[in-house]
Amino acid sequence: MKLDNIKTFISIGAHCDDVEYRTGGLFSRLTRQGARGVYVVMVENPYVGSGYIIKDAATALATRRAESLKGAAQLGAARVEFFGFKSYYLHTPDRQTVFPAFRSREETIAMANEVTWYGLPPVQNAYLFPECVARLVNLITEEKPDLILNHTPNDRHPDHYSVGRFVELVTNDLNNAGANLTQLHREPGSGGSMGGWRPTIFFELSAADVERQQRAMECFPSQFPGGLKGYAERRARAFGKLAGVTFAEGYTASGGGADGSWSRYDHEWERCVAMPADPITVIPLNA
Ligand SMILES: [Zn+2]
């Protein structure tokens, strides 16, 4: 992969801060090299970290968006989009999460009646709703990205794997219609992966990229009120160890079937079964 050829790229995160935490190094490297970076938050989720007090969902969402705009600016994003798909997690206006499994029938019914519905349908169902598909198709049609960075569909977080799958399905549909889009998957976020996740494509990062990613991560006090000192460097060194360089960020190539299944074509099975043994590729800083 020649990075000179990447004039425009789109990094898609489920939540505010996902772009920074999982694609921030490469985002920095590409914008530093002059590429146009488009930053997408796909899901509305009024989550805030423990110890950070916000009592209502609308204020939490506004706070998260304001933090995202700072993080995006830090990474040099040229455009920021909030898609507003509903999260897997249901919230009441006073920001309580509805977990039916842990509540009585009466309590669950009462809370479900209070659920606040933001924006478009839940991301889990987004592929079935033309208005959701159109948001992504329109963005891709406008921006004509040379690279799309996406969640991995085997991420354990329900919003993450739903975004991963949704973007993969839409991208595959566009590719079947001749779009020729390249998509890479970032590492799983909270909770790790549902199966193994082994990066095979590594982008070397400069110390400045790692530093910039760290500063972008620090734009989210509502997520980590205590901050996460040194996170970007530890992560980039861990990927770098696999790639044989000091700092890197790792990705996997998009797999699975063009039609969203793994079952119809022999080459899909070959790709799926061969994946753990795929050789690694390192894109050095001067690429
Ligand atoms: Zn997330």
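Which residue in strand 2 does Phe9 stand opposite? Gly37. Bear in mind that this is a predicted model, where local features need pLDDT of at least 70, side-chain atom pairs count only at pLDDT 80 or more, and totals for chains, interfaces and linings use all residues. Residues are numbered from 1 along each chain as its sequence is written. Helices (H or I, at least four residues) and strands (E, at least two) are DSSP runs, numbered from the N terminus.

**Strands**
- Strand 1 (residues 8–13) runs parallel to strand 2, with six bridges joining them; strands pair if DSSP finds at least two bridges between them.
- Strand 2 also pairs with strand 3 (residues 79–86), again parallel and over six bridges, and here Val41 sits opposite Phe82.
- Eight of the nine residues in strand 2 (residues 36–44) are buried, meaning 20 or more other C-beta atoms, placed from the backbone, lie within 10 Å of the residue's own.

**Crossovers**
- Strand 1, helix 1 (residues 18–32) and strand 2 form a right-handed β-α-β unit (with the strands pointing away from the viewer, the path from the first strand over the helix to the second runs clockwise).
- From strand 2 the chain goes through helix 2 (residues 57–75) to strand 3, in a right-handed β-α-β crossover.

**Helix packing**
- The axes of helix 1 and helix 6 (residues 207–217), lines fitted to C-alpha atoms over the stretch in contact, come within 8 Å and cross at roughly 130 degrees.
- Residues of helix 1 that meet helix 6 include Glu20, Tyr21 and Arg32, with contact meaning C-beta atoms, placed from the backbone, within 7 Å.

Technical notes. Buried ≥ 20, exposed ≤ 12 C-beta atoms within 10 Å, placed from the backbone. Axes fitted to C-alpha atoms, helices over the stretch in contact; angles between N-to-C directions. Contact = placed C-beta atoms within 7 Å.
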